[in-house]
Amino acid sequence: MNTLIKLEIARTLRNKKFMFFSVLYPAALYLVFSSSAKGNDKIGDTGLTFPVLYMVSMASFGALTSVLIGNAERIAKEREKGWVRQLRLTSLPGHGYVMSKMTSASVVSLPAIVAVFLVAAVTKGVRLDAWQWASLLGVIWAGSLVFAALGVAIGYTATGDAVRPLSMAIYFLLAALGGLWFPASQFPKWLQNIAEYVPTHAYAALGQSIEVGNAPHMKDVAILAVYLVIFAGGAAWLYRKDTHKA
């Protein structure tokens with residue numbers, strides 16, 4: 001499994017187009033949107049200014065891009081090319097395959113998170129305590145495992161031709177409803193009630209709690225834990241189902 005993780009990371013890093021999209025695109029969006037907002041305005045009841053609040057949103061969005069889009073497309077293409085069938089001939093167990101995909105995808109998400117942090121600190125003067133920076137990096141990276149599992153599940157759901165539109169639709173829906181592009185506090189009340197249980201909303205809320213100096217809310221942690229079990233369990237079930245078809 002460790003060998004497969006190393007191979008997956010090396011292969012992803014060689015994909016310059018994917019790395020550009022997943023690493024630089026969220027940082028560029030942060031720069032554009034934060035530059036158009038008044039830096040001293042507080043957003044909703046968070047007590048945070050837009051540049052600080054949006055930093056977590058775009059860091060989460062960057063991690064989501066890395067683990068969801070790339071993971072789903074690679075797996076769907078590997079299934080069509082017969083690579084997954086070849087792996088089944090080795091001693092790698094099914095859960096090992098799923099875990100290696102999740103782990104390698106989440107590792108690649110680190111540059112996207114760091115890029116947004118650097119842009120926020122350099123261009124917008126975002127300043128946090130050392131423990132906050134470290135905690136933000138840790139929770140955003142750890143939370144990306146939830147969406148890495150979703151990427152694996154999508155890769156086993158769709159064919160090579162259908163995986164891109166399906167993953168992109170889910171990707172944009174999660175980003176929009178989770179308040180990653182625009183603060184969820186600006187949504188209508190009925191939509192806020194829905195967004196509260198969307199995994200990306202809980203994901204961003206972890207970092208926002210740290211930014212105000214608090215520990216993440218247990219409700220957000222619990223929501224992400226439930227989604228992780230659902231997505232990872234679904235991915236494992238789809239893997240076994242695909243194995244029986246082979």
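Analyst: Let us begin with a term: a contact means heavy atoms within 4.5 Å. This is a predicted model, in which local features need pLDDT of at least 70 and side-chain atom pairs count only at pLDDT 80 or more, while totals for chains, interfaces and linings use all residues. Residues are numbered from 1 along each chain as its sequence is written, and side-chain values use heavy atoms, with hydrogens and water left out.

User: Which residues does A184 touch, not counting residues up to four places away in sequence?
Analyst: A184 touches G179, Q192 and H201. The C-alpha atoms of A184 and H201 are 8.0 Å apart in space, and the two residues are 17 apart in sequence.

User: Where is A184 found, and is A184 buried or exposed?
Analyst: A184 is in the loop between α7 and α8 (189-195). Helices (H or I, at least four residues) and strands (E, at least two) are DSSP runs, numbered from the N terminus. The relative accessible area of A184 is 14%, so A184 is buried. Buried means under 20% relative accessible area, exposed over 50%, and partly exposed in between, with a 1.4 Å probe and protein chains only.

User: How many helices and strands does the chain have?
Analyst: The chain has 10 helices and 0 strands. Of its 246 residues, 49% count as buried.

User: What share of the contacts with a separation of 6 or more comes from residues 24 or more positions apart?
Analyst: Such residues account for 78% of those contacts in the chain.

User: Now to the aromatic pairs. How many does a search of the whole structure find?
Analyst: The search finds 11 aromatic pairs. In one of them, F61 and Y171 have ring centres 5.4 Å apart and planes at 25°, so this pair is stacked. Rings of Phe, Tyr and Trp (its six-membered ring) pair if their centres lie within 6.5 Å; planes under 30 degrees apart count as stacked, over 60 as edge-to-face and the rest as tilted.

User: Which helices hold F61 and Y171?
Analyst: F61 lies in helix α3 (residues 50-81) and Y171 in helix α7 (residues 163-177), so the pair ties together parts that are 110 residues apart in sequence. F61 is buried because its relative accessibility is 0%, and Y171 is buried because its value is 1%. Ring pairs also link F61 and Y171 into a cluster with Y25, F172 and W181.

User: Which residues touch the most other members of the largest nonpolar core?
Analyst: They are Y30 and M55, in a core of 63 residues. A nonpolar core is a set of buried Ala, Val, Leu, Ile, Met, Phe, Trp, Tyr and Cys residues joined through side-chain atoms within 4.5 Å. Helix α3 gives the most to this core, with 17 residues. Beyond four places in sequence, Y30 touches several residues, including P51, M55 and V119.

User: What about S60? Where is S60 found, and what is S60 in contact with?
Analyst: S60 is in helix α3. Leaving aside its neighbours within four places in sequence, S60 is in contact with I140, L180, Y203 and A204. S60 is buried because its relative accessible area is 0%.

User: Lastly, where does α6 bend?
Analyst: α6 bends by about 25° at V146. The bend is the angle between axes fitted to the seven residues ending there and the seven starting there.
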